[in-house]
Each structure stands twice: as structure tokens, then as C-alpha cells.
Amino acid sequence: MNPAALKADLHRLEQNGLLIVNSDAFEARDLEKAGYDHNPLHDGSLDTYRLVEIPMTSLTQKATEPLGVKARDAERSKNFFALGLVSWLYSRPVEPTISWIESRFKDLIKESNLAAFKAGFNFGETSELFDHPYEVKPAELTPGEYTNISGNVALAWGLVAAGQLAKLPVFLGSYPITPASDILHELSKHKNFGVRTLQAEDEIAAAGMALGAAFAGHLGVTTTSGPGVALKSEATSLAVSLELPFLLVDIQRGGPSTGLPTKTEAADLNIAMYGRHGEAPLPIVAAYSPANCFDAAIEAARIALKYRTPVILLSDGYLANGSEPWCLPDPATLPDISVPFTTEKNHVNPDGTEEFWPYLRDPETLARPWAIPGTPGLMHRVGGIEKEDGRGDISYTPDNHSKMVHLRAEKVARIANDIPPATITGDADADVVLLGWGSTWAAIDAAVQRTRRAGTKVAWIHLTHLNPLPANLGELLRSFRHVLVPELNMGQLCRIVRAEYLVDAKPVTKVQGLPFTSAELEAAIQETLS
Amino acid sequence: MSDVIVPITQKKDWMSDQEVRWCPGCGDYGILQAVQFLMPELGVAPENTVFISGIGCSSRFPYYMNTYGMHSIHGRAPAIATGVAVARPDLDVWVVTGDGDALSIGGNHLIHALRRNVNLTILLFNNRIYGLTKGQYSPTSEEGKVTKSTPMGSIDHPFNPLAVALGAEASFVARTHDLDRKHMMSVFKAAHDHKGASFVEIYQNCNVFNDAAFDEVTGKHHRAERMIDLVHGQPIRFGAEGQHGVVMGTDGQLRIVDVAEVGEDALLVHDAHRADPGLAFALARLSHDDHSPTPFGIFRSIDRPDYGGQVAAQVMQAGEKKGPGNLASLLRSNGTWTVG
């Protein structure tokens with residue numbers, strides 16, 4: 001810790017927690033810059049913590065001096081001294097860090113960083129500043145082959161996989177925007193899977209290109225963050241009307257407007273649900289962990305293809321840039337999400353002649369045929385103007401418009417029968433249930449485990465499908481006395497479930513650009529029950 | 001050597017069963033006829049042809065063609081068509097748009113489709129007015145134009161569509177007009193056959209909201225004196241007897257002259273294949289109003305790699321270099337470890 005970090009983050013440390021400071025960084029000028037008028041190391045204000053003062057800067061300088069590193073340059077290696085120290089403190093193996101440093105840096109900088117890292121580790125071992133090292137037991141992981149995966153890479157790979165599983169080329173139209181750009185970068189590396197990526201002139205064009213590609217028979221995808229979702233609204237509405245598969249991926253960030261572009265928030269549920277003109281419902285899928293972005297992308301594509309509908313896939317900055325160990329799936333176990341193109345005429349007139357009717361629906365899914373250019377005999381026109389059900393010709397007839405609005409809504413509603421039912425984690429007989437979605441998963445998971453270990457019953461339902469909601473959700477929610485909905489917004493899902501099920505759900509909100517901590521959620525549970 | 005194409009279709013094969021609903025007398029009818037007459041001559045099949053439009057009167061066009069088609073979003077047709085053309089380089093993709101659709105709400109997509117050189121044939125129906133919304137001025141309306149939204153006259157400086165396209169370095173740029181089917185067909189054919197983005201401005205009369213907007217140039221009594229037919233490799237001259245011509249002055253300005261005064265050798269020879277778009281730009285700006293001599297025909301036609309072809313080439317190159325995509329390998333590409 002330096003004075004600035006101390007000031008910003010001390011509130012996170014529990015009483016009697018270990019506080020390691022770089023004592024070289026507490027000169028008068030450093031204190032003044034951080035806004036201290038006196039030295040907090042000497043005024044007793046840190047007495048309730050286990051304060052350890054280490055002159056990290058000068059120790060790093062001494063460690064690197066024999067290499068010929070200048071004192072000022074040595075400062076840049078001091079983070080590795082701290083990392084070495086912490087590695088000792090938590091009994092971590094040093095080899096992975098050493099090989100990482102060796103692969104990442106070159107020449108003198110590499111040597112300097114290695115020297116600082118080893119000096120930090122050895123300092124922990126030889127000094128008697130700490131009473132004992134800690135050992136964190138390895139997490140209990142399911143046996144299997146693992147990789148470390150971030151949400152955006154998992155999502156990009158999920159799109160590649162979706163293309164393979166659908167036997168369709170993936171077409172990504174995208175415009176750079178934080179924190180979604182990495183998906184464009186990642187997908188552009190995988191052209192050998194037949195993936196086409198196009199960096200468009202703007203968000204609108206990116207969506208339009210993806211929709212054009214979908215019309216032409218590709219898996220059309222566009223990726224963006226909040227402001228881009230607003231710009232893509234009109235194209236998404238057209239996709240609703242055209243009834244074509246179309247995937248809109250929103251990596252949510254703090255809003256409105258530019259907001260907090262590098263910080264996380266999950267406040268785009270409303271725009272995903274309602275951000276179109278006219279009656280334009282569409283399915284919404286939300287990823288809950290970095291690795292889950294892979295499955296969520298496949299699931300979103302599955303729904304889009306099967307039901308010929310735009311789907312919005314929600315992730316957020318926390319998932320996008322966060323990473324976790326991922327037990328690799330066997331590609332052979334992934335679902336087949338392919339759908340056939342229509343190649344034959346589908347309607348016989350009373351006089352025996354055959355026609356192609358582009359809006360003649362599958363009676364079960366209500367999906368319309370997907371006949372792509374190049375298919376002889378099935379030439380047809382689609383457009384944003386209301387179409388006659390079946391024939392697909394322009395129709396301004398009042399009853400037909402009503403019918404089409406209802407059919408499009410019914411098509412989306414029926415997807416509830418094609419998604420997993422909501423399940424309860426924890427105590428089904430608890431008084432309180434947490435209803436979560438998206439990246440709050442990890443914090444809720446920890447809060448539920450700790451609450452239950454402390455002897456309080458609590459239940460948890462985590463949603464991966466936000467529209468339509470699982471068919472059994474209302475019944476489940478009504479079986480609890482209290483429904484708490486933790487969200488990184490002002491209570492958007494909470495209002496939806498209140499409206500949908502008339503349950504007295506209560507929001508637990510946070511809009512600081514930060515994820516929930518499990519402690520915050522534990523407190524919310526206890527407060528509800530007290 | 002002959003490049004005569006034996007028609008595999010007839011005009012009727014290209015006509016949809018939809019009733020054409022433009023206002024009686026609209027210039028759009030003539031353009032639709034020209035396209036439907038032309039299609040059999042192109043030797044292409046309706047199922048491999050896609051018409052994409054935006055919003056506006058002209059954008060109803062796809063409904064009348066028995067091809068694949070999409071009537072899309074105001075201004076976005078070039079972007080949507082880019083998606084179609086890049087996904088499927090095997091298709092013939094046409095964009096039908098208007099002056100408001102292409103140059104106002106969709107200006108961005110138009111210039112980017114042109115600079116990328118996406119293999120599209122873009123037909124811009126320029127009637128210098130908003131017809132569908134019943135008579136507001138458009139980005140090509142002349143300054144001072146009195147319309148419903150400009151009762152004191154428009155103060156907007158108009159776009160010159162060809163200058164915009166040339167500014168974006170479009171590889172094919174041409175102008176024609178709705179009264180001359182033969183000319184339209186020849187220009188459309190050249191635009192279609194051009195690999196890359198082809199941009200054709202069509203002077204189109206809106207007889208309801210902006211009647212006779214081009215009459216002073218394309219009207220029967222003015223044609224001979226005011227329409228300049230650009231022919232590649234030929235001196236640029238016009239007039240009933242070919243008595244007028246175009247020269248480039250020492251100051252770099254194009255000027256209209258009497259051939260008798262300067263001699264035929266002084267005339268500018270039209271070169272549509274010049275790499276530099278500067279001369280085509282100057283020709284596009286030869287006329288500054290709606291009653292001076294105005295060039296028609298192909299201003300520019302140069303070879304430049306088309307976008308969809310390059311995208312396909314990269315996909316193929318990646319496949320050759322890395323082998324076909326293997327999902328199991330991809331998932332392991334960042335290193336793995338095993339938990340036993």
C-alpha cells in the first residue's frame with residue numbers, strides 16, 4: 001500500500017487484518033498528494049490492524065543494483081517485490097510467475113523483475129515480520145482439463161462454436177466500443193473457422209451488416225455495449241419484423257451515455273426488454289460467469305436460429321474482463337443447433353399451382369421458413385412494412401396486423417417451454433429466496449454458502465433466460481415469504497417479476513461501477529430476516 | 001470474340017405479382033421498366049439476384065422485382081447490402097435508394113460502401129425532394145427551394161451526388177435519367193458488370209412534389225444543347241451538331257467552348273479509366289445549376305479489388321495457413337492443465 005491506495009481501500013480490510021505498506025512511499029510529498037495532513041502510520045489510526053511496514057522501494061533497488069539497474073528504473077520492479085512477498089505469504093509456487101516474467105519481458109527489465117520477485121519472496125521467508133505463512137487449499141475442482149478463460153474470449157469462442165454447431169458461417173458486424181471490442185479482436189483471429197468479421201463504419205451499420213448476412217444465410221452477430229445497443233435499436237426492430245435469426249451481444253457497462261465505460265453495471269435489462277419501437281418482444285439470455293459466456297453464446301444462437309428471431313445476449317464488464325478456470329467441454333457433447341434452410345415451395349393453391357409463402361409458420365415454434373438467396377423458385381421480398389401472415393405480402397389490414405403482433409409475441413412466449421425450468425439452490429424451505437441474474441452469480445453464491453454455514457436457511461434462483469422467464473418461476477417465487485433481487489442496477493428485474501407474478505419482490509441494488517461483495521448480500525439477507 | 005449473352009430469362013420472369021403503386025406519371029416506372037428489360041440481357045438468374053432498399057418512394061422497388069429482396073431501414077440499405085454481399089460474393093446485389101435515403105439519413109453508409117468497394121450496384125433515384133413524406137426539401141434540393149418545411153426557401157447547400165461518390169473514391173460512377181430507357185439500360189449494364197461498388201445517379205422526376213425538376217436539361221427541347229454524353233476515349237462534345245465541347249483551361253478549370261473556335265484537338269478526351277478521380281470530379285461539377293450543360297454516362301470506371309472478394313480471400317488464406325477450424329484445439333489454445 002502507498003498512501004493513496006491506503007486511503008481508497010482501507011475500508012475493505014477487516015479489523016485485525018494484515019496491512020502491508022511500502023514505508024518508502026510515506027514521505028511528506030506522498031502524504032500530501034494523497035490528501036493526508038499527517039502520517040497515518042504514526043498516528044495510531046491503524047492500531048486495529050496488523051500493520052507491517054516494509055521499505056519495498058529501497059529493498060528493490062538494492063536487489064537490482066548488482067544488475068546495473070538505475071535506482072529510478074528499479075522503482076518499476078517493486079510491484080514484483082510485493083508479488084514475491086505475497087507469494088511467500090500464501091505459500092504459492094513461484095515457477096508459474098517466473099516463467100510468465102521470462103515470457104513477458106526482455107533483457108534488463110526481465111532480469112530486474114525476476115530479481116525483485118525473488119527478493120520479495122526471500123524477504124518473506126527470512127524476515128520475522130509475519131508470524132506464519134497462509135496456505136489456501138486448492139479449490140475442489142471437478143476432474144478434467146482446464147484452461148483459464150475471460151468472459152469475452154469465452155463469448156467469442158462460444159460464437160465460433162455456435163457457427164460450427166449450426167453448420168453456418170459466423171458473420172460479425174461490429175464497431176469498437178469498450179468493453180466489447182475484445183470479442184471483435186478474438187473473432188477476427190478465427191477466419192479459418194469460416195468466421196467473417198467486419199469492422200463497420202458505425203454501430204448501426206454493424207447491426208445492418210449482420211442482419212444482411214443473416215438474410216443471406218449466415219449466423220449474423222453484432223457485438224456492442226450500452227450506447228451501441230441504443231443505436232442498433234432500429235435494426236433489431238427490423239429483425240423482429242423480418243423474423244430472421246440475429247444475435248445482439250451487449251457487454252454492459254456503467255451508463256447512461258458514456259457513463260463508466262471501464263466499470264461494470266447491469267443496467268441494460270430495460271433497454272434489452274423494451275428498447276424498441278412498437279410491440280417488439282425478443283428473447284434475452286444472460287451469462288453468469290466468464291466461462292458461462294461460452295454456453296450462453298451457443299444458447300442465444302440456438303434460440304435465434306430455431307425461432308428466427310433476434311436474441312439479445314447480456315454480459316457485462318465484470319464478466320468480460322474477469323477470468324476463471326474453465327473445465328473444457330468435450331465438443332462432441334455440445335448441442336446440434338443447426339436448422340434446415342427451406343428449399344421447396346410450401347403452399348399449394350386451389351388450382352394446384354405451388355408457391356413459396358415466406359411467413360407460413362411452423363405450427364409448433366411459429367418460426368417462419370428461412371429460404372436464402374440462391375435457392376431457385378423461392379424468391380421473395382421481406383421488409384419492415386407489416387406483412388400478411390402466410391403469404392408475406394404487404395398488408396395494412398387491421399386484423400392482420402393484430403394477428404401478426406400477437407403471433408410474434410406468442411412465438412417468443414413459447415420459448416419458455418424450450419428452456420430449463422428455474423431451480424433452487426440452497427434451502428427450498430427457507431423464508432427468503434435470492435433471485436439473481438448475470439454476473440451477480442459469484443457474489444450470491446458466496447453469500448448463500450456463508451449464510452447457510454452460519455446456520456440461516458436461504459434459497460437462491462439464478463436466471464439465465466430473462467425473456468421469456470422460465471415457466472415455473474412464478475410458482476417458485478410465490479413459495480417464499482421474501483424475494484430479494486440483487487442487481488447492479490436500480491431494480492430492473494425486480495420490477496419485471498413484480499409485474500409478471502404480483503410477488504412482493506424487493507430490490508437489492510448497487511450502481512457504483514463495482515460488483516456486489518458477498519458481505520453486502522449476506523447483510524441484505526440478514527436484514528430481511530430480522 | 002463475342003460477349004453476347006444468351007438470355008436464360010425473359011422480362012416477365014423478373015416481374016413480381018405485386019401491383020406497382022407509385023403515383024401515376026412517376027419517373028420510377030420508367031426505371032423499373034429499364035431494369036426489368038435489362039435483367040434478361042445480363043444472363044443472370046432471379047434466384048441469385050438480391051435487391052435491397054431503404055425507405056422512400058424508390059425503396060418500394062424490391063417488391064416489384066421477382067428476386068430476393070429486402071425493404072429495410074431508412075438510410076441503411078448500403079450497410080445491409082454490404083452484409084449480404086460480403087457473406088455471399090456469389091450473389092448479384094443491387095441497392096435502390098433515393099436522395100434523402102442515400103445522402104441524408106444514410107450518407108455515412110453510402111460513402112463507406114463506396115470506399116470499401118463492396119460489390120454492389122447502387123441506383124440512386126434523385127428527384128431532389130422528399131416524396132414519401134409529401135414534399136420537404138432534400139439534400140439535393142437547390143438553395144432557395146420553397147417547400148413545406150422551407151416556406152422562406154431552403155438555405156441548405158445541396159450535395160452533388162456524383163461529387164460525393166467520387167470524393168469517396170467510388171470505382172464506378174455514372175449518371176442517367178428516367179426518360180431514356182436505352183441509356184439507362186446501357187449504364188445499368190455497365191454498372192452491373194463492374195466488379196466493386198457501382199454508383200449510378202438517376203435523374204428521376206417526381207411529378208407530384210417536384211415536377212419538371214430536370215426539365216431544363218433532360219426535357220425534349222433542351223436535350224441537344226444541355227445533355228453531354230460522355231464516351232470513353234472520345235472528345236467531350238455536345239449540341240445538335242456537336243458544336244460545343246469541353247476543354248480544360250490552363251487554370252485547371254473545365255470550360256464549355258465552341259468547337260469551331262478552339263478546334264477539335266483542344267477538346268478534353270474523356271478517360272473513364274483514369275486512376276485519379278480528379279477529372280471525373282471536375283466533370284461532375286461542370287454544371288452548377290439545373291439549366292446548364294450536364295454530363296451523362298460513365299464518369300469513372302476503374303479496377304480496384306472488391307471488398308467481399310478480399311474478405312473471402314482472407315478466409316481462404318487463414319484456412320490454408322491454419323487448417324480448417326478445430327473446436328477442440330481452439331479451446332486448448334491458451335494452454336491447459338489437468339485436475340485428476
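What follows is a chat about the pockets, cavities, strands and backbone features of a predicted model.

User: Before we start, what should I know about the numbering and the model?
Analyst: Residues are numbered from 1 along each chain as its sequence is written, and chains are lettered from A and ligands numbered from 1 in the order in which they are written. This is a predicted model, where local features need pLDDT of at least 70, side-chain atom pairs count only at pLDDT 80 or more, and totals for chains, interfaces and linings use all residues; side-chain values use heavy atoms, with hydrogens and water left out.

User: OK, how much space lies in the largest pocket?
Analyst: About 600 Å³. On a 1 Å grid over the protein atoms alone, a pocket is an open set of points with protein on both sides within 12 Å along at least five of seven lines, while a cavity is a set where a 1.4 Å probe fits but cannot get out. Grid points are joined across faces, edges and corners, and the volume is the space filled by probe spheres set on the points.

User: Which residues lie nearest its centre?
Analyst: Met1(A), Asn2(A), Ala5(A), Ile20(A) and Asn22(A), out of 25 residues in the lining of the largest pocket. Lining residues have an atom within 4 Å of a point.

User: And which elements give two or more residues to that lining?
Analyst: In chain A, they are helix 1 (3-9), strand 1 (18-22), helix 2 (28-33), helix 3 (56-64) and helix 5 (78-89). Helix 5 of chain A gives the most, with 5 residues. Helices (H or I, at least four residues) and strands (E, at least two) are DSSP runs, numbered from the N terminus.

User: How do the lining residues divide by type?
Analyst: The largest pocket has 15 nonpolar, 4 polar and 6 charged ones. Ala, Val, Leu, Ile, Met, Phe, Trp, Tyr, Cys and Pro count as nonpolar, Asp, Glu, Lys and Arg as charged, and the others, Gly among them, as polar.

User: Switching to cavities, how many are there of 30 Å³ or more?
Analyst: The search of the whole structure finds 7. The largest cavity holds about 60 Å³ of space. Its lining includes His270(B), Asp271(B), Phe299(B) and Arg300(B). Helix 10 of chain B provides the largest share of that lining, 3 residues.

User: Now chain A's strand 16. How many of its residues are buried?
Analyst: In strand 16 (residues 459-463) of chain A, 5 of 5 are buried. Buried means under 20% relative accessible area, exposed over 50%, and partly exposed in between (1.4 Å probe, protein chains only).

User: Which way do they point?
Analyst: Ala459(A), Ile461(A) and Leu463(A) point one way, and Trp460(A) and His462(A) the other. In a regular strand the side chains alternate between the two faces of the sheet.

User: Which strands pair with strand 16 of chain A?
Analyst: Among them is strand 14 (residues 425-426) of chain A, antiparallel with 2 bridges; there, Thr425(A) has Trp460(A) as its bridge partner. Strand 15 (residues 432-437) of chain A pairs in the parallel sense over 5 bridges, with Leu435(A) partnered by Ile461(A). Two strands pair if DSSP finds at least two bridges between them.

User: What do strand 15, helix 17 and strand 16 of chain A make?
Analyst: A right-handed β-α-β unit. Right-handed means that, with the strands pointing away from the viewer, the path from the first strand over the helix to the second runs clockwise.

User: Where are the cis peptide bonds?
Analyst: One joins Thr178(A) and Pro179(A), with omega about 0°, and Pro179(A) sits in the loop between strand 4 (170-174) and helix 9 (181-188) of chain A. Another joins Gly255(A) and Pro256(A), again with omega about 0°.

User: What about Glu243(A), is phi positive or negative?
Analyst: Positive, near 55°, in a residue other than glycine. Glu243(A) is in the loop between helix 12 (233-242) and strand 7 of chain A. At 1% relative accessibility, Glu243(A) counts as buried.
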